[in-house]
Amino acid sequence: FYIFEEADYDTFEILGDCYAKDKNHIFEMRSGILTNVDYKTFRTKKGLTGCVAKDKDGYIMWNERISPNEIDDEYLKKAIEELENE
């Protein structure tokens, strides 16, 4: 992770392999604050095949929304399956 000046370091915690959160934001390790996610329902898992997360609105890969119906990549399909089976 990069150092994010916006982070509240007293509440900062790593989520999985690519994400983190504090009391105010969800962070992606490269992009910083994710503005397109639902904080309360955001979840991911350590050791996924890819940097994939989920919230009430669907799936996120790195910092972008993805639709499982449009995915041809087998690794990404596997990561979504792993996340669903948590």
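Q: In this predicted model, which strands does helix 1 lie across, and at what angle to strand 5?
A: Helix 1, residues 74–84, lies across strand 5, strand 6 and strand 7. Its direction is at about 50° to strand 5.

Q: What makes the sheet of three strands open, and what is the strand order?
A: The order is 5-6-7, with antiparallel pairing. Strand 5 (52–55) and strand 7 (64–66) are the edges: each has a single partner strand, so one side of each has no neighbour in the sheet. From one strand to the next, the twist averages 40°.

Q: How do you know that strand 6 and strand 7 pair?
A: Pairing takes at least two bridges. Strand 6 (residues 58–61) and strand 7 have three bridges, in the antiparallel sense, so by that cut-off they count as paired. As for a particular bridge, Met61 has Glu64 in strand 7 as its partner.

Q: What does Asp8 touch, leaving out residues up to four places away in sequence?
A: Asp22 and Lys23.

Q: Why is the link between the side chains of Asp8 and Thr11 called a polar contact?
A: The limit is 3.5 Å. The Asp8 and Thr11 side chains are joined at 2.7 Å, so the distance is within that limit.

Technical notes: Residues are numbered from 1 along each chain as its sequence is written. This is a predicted model: local features need pLDDT of at least 70, side-chain atom pairs count only at pLDDT 80 or more; totals for chains, interfaces and linings use all residues. Side-chain values use heavy atoms; hydrogens and water are left out. A polar contact is a pair of N or O atoms within 3.5 Å; within protein, one must be able to donate a hydrogen and the other to accept it, and residues adjacent in sequence count only if both atoms are side-chain atoms. Contact means heavy atoms within 4.5 Å. Helices (H or I, at least four residues) and strands (E, at least two) are DSSP runs, numbered from the N terminus. Axes are lines fitted to C-alpha atoms, for helices over the stretch in contact, and angles run from 0 to 180 degrees between N-to-C directions.
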